[in-house]
Amino acid sequence: MPNSENTILSVNNLKVHFPSKRKFGQPQRWIRAVDGIDFDVQEGETLGLVGESGCGKSTTARAILNLIHRAKVEGTIHLNGTRIDNLSDRAMIPHRLTAQMVFQDPFASLNPRMMVGNIIREPMGNYKLFGDETGRRLEVIRLLELVGINPQYMNRYPHEFSGGQRQRIGIARALAVQPKLIVCDEAVSALDVSIQAQVINLLMDLQQKLGVSYVFIAHDLAVVRHIAHRVGVMYLGKIVELADSKELYDSPQHPYTIALLSAAPVPDPTVDVRANRITLTGEVPSPDIEYVGCSFAARCPQVLGHCASTMPQLSTTDHQVSCLLYEDDNIDKSDPPTSNSAKVVV
Amino acid sequence: MVQPILQVKNLEVEFVTDDGIVRAVNDISFDLYPGETLGIVGESGSGKSVANLTILGLIPQPPGHVKGGEVLFAEQDLLKLSQRQFQTIRGKRIAMIFQDPMTALNPFLTIQDQLIEVSMLHLGHTRAAAIQHAVELLELVGIPAAASRITEYPHQFSGGMRQRVMIAMALSCEPDILIADEPTTALDVTIQAQILDLLKAMQDKCGMAIIFITHDLGVVASICDRVLVMYGGRKVEQTDTKTLFAAARHPYTLGLLHSAPRWDQPQLTRLQSIEGQPPDMMNLPAGCAFAPRCQWKTDECLAAVPELVSIGSEFSEGSHVFACIHADQIQQAGSTSPEELPHA
C-alpha cells in the first residue's frame, strides 16, 4: 500500500517470470526477469535503477506501466494510490495520464510517417485535453519550446532531426498529457556525451518546473548519480541495495555494488582505478535458476559459508541492502571466505 | 629516437552520396609508436571509424573515396596496395576488433572455423596445428574450457565472451598494430573492466601498438597513453592523456571533459553541456567546425579553419597539438573549476 499521499508509485514484491521455450518432455522453465522487488517513488523525486544487461531493469520499467504481456506477473503496483497491476489494457487507459515513458532508441520510438507536431498532439487528442484543436496546437508549441526545439519545425518528420533532438521530441510527447511520473528506460544511453548532458539538464529542469517524478533506468553509474535522488542497484531480478544517491556512491555496502563501482571508469588519469579494482570473475548467470540463497554468492568476493543456502532480505533501514554480511549480528563475521573470491587486480 | 610504426599523413576521405559529398575525414595526420596505446576520441560522425577503416583498406569504394594523403607502414603506402597485397598485411600485421561482438562473428560457423582461418592463411598452419593454436589463444584470453567450447557457435557465447573470441582472432598472428573500434561500448561495466585488463595484458605480452577508438573519456583515462580528439572530421587536439585531462586547450575537448558526469565526485546541479548540434558533414562551415557551438568564437574563427599549433616535439612529455586560435584564453579558463566557467 502507498505509504503517504505523496507517493506516486509503490511497487510491492513485484515478480515477472517469462515462460522460456518449452522443450519436448521437459517441464516449463521460467525466466525470472524480475524476482521480488519493492520500491516507492515520491512526488518530484527521481529514483534511479542501475544494473547490468539482463538484470531486469527494463522489465521493471515495462511492468510499472503494465505493459507486460504473456508473462506471470505477481505482486502489486499502485500508481497514484490506485492498484493497476490487475487492470486490462482498456482499464489502464485513464491511468496512462499519470505515467508516461521515454524510450531508449530515439530512432525507433517515433513514428517516421508522422510530423513531430502530430506525434506530440496525438496523446492530447486521445484524452481530449486542452479544449479543441487550437488549444492543442498552442500546447504543442509550448512543449516544443519547453524541450528546446524550434516550434517552426513542428511540420517536419523525425528523420529530419538528430538523435538528441529526437529524444527531446520523445520527452515532449511524454509530457503531452501532463503526467506525474515519467519512466525513462535508458533514455540518454544512445546519445553522444555532449548531447547526453543537454538531455540530462533538460530532464532536471523539467522536474524543477513541473514537479514530475522519474524512474530513471540506466547502466551508466555516473549518469544515474547525477540525476537520481535515490538509487537502486539490481542484480538478477532483485534490488540488492537501495539508498540515497550520495550515500550509495560514497559508502556502498553490497559487494556487488562495490564491484560495480570499482569497475566503472573514471575520466581522470590521475585516479588509479586499477589499484583498488575488484574484478568479478565470471558473468551474470542465467536468470532461469531459482536460488535458495544469494544469487550473487557464486561471484562474490566476500562470500560466507552460508550465503549459498540462506536467502538475504532487503533491510528496512534508510540504506537498504540485501546481504548476509549486514543482516544478522549473531552470525560469525569471521566466517572465512571460500575459494571463489574474486581476485584484486594490482 | 623511436621510429613510428605507422604514419598517417594528411588523410582525406569522402563519401559521394545522392545528397552531396560527405567529407568524413579532413586532413588527418598522426604517428603511432610501437607498444603505445593511442586513443581516438570523438562523437558519432566525427570520422574516427572511417579514418581507421581506411588504414585497413576497408572503405567501400564507391561510395567512399580516398581523396588524398598516405598511410605509411613497413616502408610502403597502404593506400596504394591492391586488395591482394593488402591480404598479406590485414589480419597478420594490422588486426582489428569491432564494436559489436554480436554481428562481427559469422553465426553460421563455429568459433573454431572462424579462428583457424586466420592462422591457416597467414601462418601456413595445418588444420590440426591451427586448432591447437586457436585453443591456446582462447585460453590466453580467458575462455574457460576452451578445448570443448571451441566447437560451439557464436550464439552460445555471451557478449563478453564473444568479444574475447574477437580479441583472440585479432591476436592470432601477433600483429604489430591492433585497431580496436569501440571494443567495450556494447558491454557492461564489469565485463568492460575485464576486457580492458585483457587488452592491456596482451599488449604487455605481445608489445603491439593499439589504436583505441572510443567516445568514453573514462576508458581513455584508464587505457590510453596519448589521445587524439576529432571533431568534424579533423584533428582538433592531440597530446598525452595526463595533459589532455589536466590542461586541454581546445574548447571542444574542454566541453567534453565537463559534460561527462562523474560518479566519484559530488554531483553538480547542472552539467556543462555543449550547446547546439554536431556539424552537418555535408555542409561543414568554412572556418572552425566547432565555432557554431563555441563560447569563445570570434569572427576570425568563422573565416578560416584554424591551423594546428604544436608545442614541444612529438612523443616527448608535454607535447601538445591543438587547432584553436583562442587556446591561451581557454587554457586559463580550463584551470578553473567547471562551475566558474563563463556560460555561453
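## A tour of chains A and B

Start by selecting residues 37-41 of chain B, strand β3, together with residues 209-214 of chain B, strand β8: the two pair in the parallel sense over 5 bridges. Strands here are DSSP runs of E of at least two residues, helices are runs of H or I of at least four, and both are numbered from the N terminus. Two strands count as paired if DSSP finds at least two bridges between them. This is a predicted model, in which local features need pLDDT of at least 70, side-chain atom pairs count only at pLDDT 80 or more, and totals for chains, interfaces and linings use all residues. Residues are numbered from 1 along each chain as its sequence is written, while chains are lettered from A and ligands numbered from 1 in the order in which they are written.

**The sheet of chain B**

Click on B:G39; its bridge partner in β8(B) is B:F212. Now widen the selection to the sheet, an open one of 8 strands in the order β6-β7-β8-β3-β9-β10-β12-β11 of chain B, with mixed pairing. At its edges are β6 (94-97) and β11 (309-311) of chain B, each pairing on one side only. On average, neighbouring strands of this sheet are turned by 15 degrees against each other, direction ignored. Such angles are taken between axes, which are lines fitted to C-alpha atoms (for helices over the stretch in contact), and run from 0 to 180 degrees between N-to-C directions.

**Chain B as a whole**

The C-alpha trace of chain B spans about 65 × 50 × 45 Å along its principal axes. A compact globule of 344 residues would have a radius of gyration near 20 Å, and the 21 Å of chain B agrees with this. That radius is taken over C-alpha atoms, and the globule rule is 2.2 Å times the number of residues to the power 0.38.

Of the 344 residues of chain B, 50% count as buried. A residue is buried if 20 or more other C-beta atoms lie within 10 Å of its own, exposed if 12 or fewer do, and partly exposed in between, with C-beta atoms placed from the backbone. For an example, select α10(B): 8 of its 9 residues are buried, so this helix is largely enclosed by the rest of the structure. Among the buried residues of α10(B) are B:Y252, B:L254 and B:H258.

**Where the chains meet**

Display both chains. Here 36 residues of chain B are in contact with 34 residues of chain A; contact means that the C-beta atoms, placed from the backbone, lie within 7 Å. Helices α7 (189-206), α8 (217-223), α9 (241-246) and α10 (251-259) of chain B each supply at least two residues of the side that touches chain A. The most comes from α7(B), with 6 residues.

**The sheet of chain A**

Move to chain A, where 7 strands form an open sheet in the order β6-β7-β8-β3-β9-β10-β11, with mixed pairing. Its edge strands, β6 (99-102) and β11 (320-321) of chain A, have a single partner strand each, so one side of each is left without a neighbour in the sheet.

Select β7(A), residues 181-185, which pairs with β6(A) in the parallel sense over 4 bridges. In this pair A:M101 has A:V183 as its bridge partner. What covers β7(A), on one face or both? Both faces are covered, with A:L181, A:V183 and A:D185 buried on one side and A:I182 and A:C184 buried on the other.

Stay on A:V183, which touches A:A61, A:I64, A:L65, A:A99, A:M101 and A:V215, leaving aside residues up to four places away in sequence.

**Last stops**

Select helix α9 (residues 255-263) of chain A, which lies across β9 (230-235) and β10 (238-244) of chain A and runs at about 100 degrees to β9(A). Then find A:P301 in the loop between α9 and β11 of chain A. A:P301 is partly exposed, with 18 other C-beta atoms within 10 Å. From A:P301 to A:A259 is 42 residues in sequence and 8.8 Å in space, C-alpha to C-alpha.

Methods. Contact = placed C-beta atoms within 7 Å.
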